[in-house]
Amino acid sequence: MRMTTFAQVNETVCHEVLRNGLNVYLVPKQGFSKTYAVFTTRYGSIDSHFRTNSGETIRVPDGIAHFLEHKMFEKKDRDVMHEFSKYGASCNAFTSFNRTAYLFSCTDNLDKNLNLLLDYVQEPYFTDASVEKEKGIIGQEITMYDDNPDWKVYMNLLQALYQEYPIRIEIAGTVESISHITKEYLYQCYETFYHPANMLLLVVGSFDPADVMNLIRRNQEGKAFPPAPKIERFFPEEPPAPAQKRVEAHLAVGLPKVLIGFKERENGLKGKDLLKRDLTTKLLLDIVLGNSSALYEKLYESGLITETFDYDYSCETDYGYSIFGGDTPDPDALVEAVTRELEAVRNAGIDPEAFERAKRKKIGQFLRALNSVEFIANQFTQYKFNGNDLFDVVPVLESIAREEVEQRMKEHFQLEQMAVSIVRSAAGQESGKS
Amino acid sequence: MSVQPAGISFQSTAINGIDVHILPTAKFKTTTIVTMVEQPLAEETVTPTSLLAMVMKRATARFPETKKLREHLDFLYGAIFDVDVLKKGERQILQIYMEVPNEKYLSKDTPLFEEAIRFVGDMLTRPCVENGSFLPKYVDQEKESLRKRIESLIDDKMKYANQRVTEEMCKGEPYSLLVYGRLADLPALDGGRLYRHFQKITAESPIHMFVVGDVDVQHVQEAISSLVPLPRRERVQPPVLDVVKPVEQVRQVIERLDVTQAKLNIGCRTQIGYRDDDYPALLVYNGIFGGFPHSKLFVNVREKASLAYYAVSRLESHKGILMIMSGIDVRNYEKAVNIIKEQMEAMRQGSISEEELSQTKATLTNQFRELQDSARMMIDFTYNGLVSGRQRKLDEMLTAIEAVTREDIARVAEKIQMDTIYLLRDRKGEA
């Protein structure tokens, strides 16, 4: 077990790679009552085209990673959620574009809960009947999202930004696509992506690291695994340009919603370079769009944006995009104003004081986030999968120069990389009571 | 692997007419300062208070321009600052939230804690006012923002259905009010009226200020004493929260909207509030019935019948309401209602397994213990005790939950009645 201390943020990380290839990280937190564990596989909704262990290339139905996540909770003779309840833990799971995570938090019985987590995720049990039953439940989850205007405007934007890359596909799939899911498909996906060597276990909270590492080692050494398969995923070539400049949909809303996105033209960064791009772009967005920016003030005072206005940036090795927007009485006027103002900001450059403030703000927000074991658990894994350390954020932030943000601004805000997504009520379909 | 003793121990004193509660702890990297101004939830004041929260955060005497005010917050290492309103039973709480990093994690030496208290003091005692009025510019813009906020309630169908069933169920009771207020009140509000309201509530309403972080108690007290000099009059205590309301008959309400999934919300009266002796038993009742993934609603509506993705129940502890919520295909409406009624009946008949009881106590205990890892949740737990007029210590709550018997749950089950069954559905099919 190797220990690394990050003095500036007063955090310690213990790491070990087990014999079966599983990466285990422990982050002990003094004085906390709860412990939070996340068991994550590098497998998400975008991994739908790959080579199986027997060597054949297959394309599986959209939404299967999420479906598989649901089905992991059901076992032959027991229900996993009930087991966690018995030990007082609260458990959950989620699927994103590129990972599936199984987690729990508890304030007691850590050993039992940890064994349970490792065991249920490593013990698939799928039957035809239970697969069919799940289609009803997930069908309702999908229709719930269909009615959610914030989700709709976001997914539509990704579909406008990306022509081919599978982040344009709904994580849960559609009612139609999940109808094709069978237990055979589930086993194929499981066997390809759930080998310990493709997974990471992270435990954050109040515990003795040596005890916990022993427990995990014992658990894993008691199980036999085949040699780690070499995972081969296939992704379509993504052209640089967005698929559509503008997309509009109708749902019952109080005010129209608009999101504007900029798609990265150049990708392929890894490790520290990727982290630096991520943080530099986030600083840029804070400076240009944050609620203390001139742009925000102008848009808010003209009534074109509301307190819902927000922005975010995501980047991975294969893709990256910024997204911003919110509720507006007039989507077209907002898009026009933003486009005009961004051009002005590009020409004016970054104000040194605004740059310093944005840096301070980011550092403060990061420290604040470290109060939350949930934040640490979820972010840590994502950073690791990209070859980075979550606790390196502060030094990397401090190393960023204003010129780099200016450079990023020129690269990132290119009008030909922009797309717009709008959701508004259909005419004559305002709310009505009966 | 042992469990630490449970405790949340604020040190309380009165300073400048404010009840100050301080909890020194080294486990957080930030200091959290939360101020709660308590008022009855009432038609005359609900909209002014909600608008006031939005206008207050635009400016202070020291920072009359919003942009400068926000730049200052960014300069304080991205201090988190917000003023908002929350509903706790028939109370409307104006909450001022402030959180700054602890200086010891920063390379530059900035006195962040004093600056944070000064900023909160600015909000409460040094607002941006001209001729006895908040600036019309900000008031007008925030009236518009509040209008949009109220109109956008419909965007989130779960929240919308929850508000609508509350309005139907609690017609004529203050609890039916949306915490953000009413559109119809907006035109008559201006900066002068708002400022008089501000003066009245900061002088008379109960005000509690909580500080959690790696702080020195005396230092905090001195800072509040000098930086938050509130001109207080005699405190006007809102009436005791009443939760008793017998149900005469179950009502059914169907509303149509452009939706795919139907939302089924069933409001129930429990006749039990936070300060009642039966409250811990009500928590256990709710846990077995619909609070967790092992609960009867989840197991029977979702796992067995495959009708829904979510099927839960939640308590409004200060109003004595238990709210059942589920998202279903409208064709399964009757089926879902029947299953829910069967599960309530099972609760009444005491058909509860030993496992359900022990799972629920274990998960509730875990929930309460977890509070200790969040400054915000420790504050909320303590404040619930203050608002309700019955303070329970954390270990007291845990002991009470552990002691709940089947007889206690049966007694609670006898009191719970369905009041209103509300369905938000699509526009298709028969009317």
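Tutor: In chain A, 34 residues of domain 1 are in contact with 27 residues of domain 2. Contact here is a cut-off: two C-beta atoms, placed from the backbone, within 7 Å. This is a predicted model, where local features need pLDDT of at least 70, side-chain atom pairs count only at pLDDT 80 or more, and totals for chains, interfaces and linings use all residues. Residues are numbered from 1 along each chain as its sequence is written, while chains are lettered from A and ligands numbered from 1 in the order in which they are written.

Start with the two parts. Domain 1 of chain A is residues 2-221, and domain 2 of chain A is residues 246-424. Such bounds come from an automatic or database domain assignment. The C-alpha centres of these two domains of chain A are 28 Å apart.

Now look at the side of domain 1 of chain A that touches domain 2 of chain A. Elements that give two or more residues are β3 (23-28), β4 (35-41), β8, α5 (149-161) and β9 (199-205) of chain A. These names follow DSSP runs, numbered from the N terminus: helices are H or I of at least four residues, strands are E of at least two. Helix α5(A) gives the largest share, ten residues. By class, this side of domain 1 of chain A has 20 nonpolar, six polar and eight charged residues. Nonpolar covers Ala, Val, Leu, Ile, Met, Phe, Trp, Tyr, Cys and Pro; charged covers Asp, Glu, Lys and Arg; the others, Gly among them, are polar.

Chain B has domain 1 (11-227) and domain 2 (251-425). In chain B, the C-alpha centres of domain 1 and domain 2 lie 30 Å apart. Here 24 residues of domain 1 of chain B meet 24 residues of domain 2 of chain B. On the domain 1 side, β2 (18-24), β3 (30-40), α5 (157-169) and β8 (207-213) of chain B each give two or more residues. Helix α5(B) has the largest share, with nine residues. The classes on this side of domain 1 of chain B are eleven nonpolar, six polar and seven charged.

The two chains also meet each other. That contact takes 63 residues from chain A and 59 residues from chain B. On the chain A side, the elements with two or more residues are α2 (80-86), β8 (100-106), α3 (110-121), α4 (128-146), α10 (294-301) and α12 (352-369). The largest share of the chain A side comes from α12(A), with ten residues. The residues on this side of chain A divide into 21 nonpolar, 24 polar and 18 charged.

Zoom in on that helix. A:Phe355 sits in α12 of chain A. It counts as buried because it has 20 C-beta neighbours inside 10 Å. The scale is simple: 20 or more other C-beta atoms within 10 Å is buried, 12 or fewer is exposed, and in between is partly exposed. A:Phe355 touches A:Ile287, A:Ile350, A:Arg402 and A:Val405, leaving aside residues up to four places away in sequence. A:Val203 is 152 residues from A:Phe355 along the chain, and their C-alpha atoms are separated by 35 Å.

Compare a loop residue. A:Ser96 lies between β7 (90-95) and β8 of chain A. With 17 C-beta neighbours inside 10 Å, A:Ser96 is partly exposed. Beyond residues up to four places away in sequence, A:Ser96 touches A:Gly44 and A:Ile171. A:Arg42 is 54 residues from A:Ser96 in sequence, yet the C-alpha atoms are 10.0 Å apart.

Step back to chain B. Its secondary structure comes to 14 helices and 13 strands. Its C-alpha atoms fill a box of roughly 60 × 55 × 40 Å along the principal axes. Of its 431 residues, 51% count as buried. Among contacts of chain B with a separation of 6 or more, 81% join residues 24 or more positions apart.

Last, a check on confidence. Where pLDDT is low, predicted coordinates should not be read in detail.
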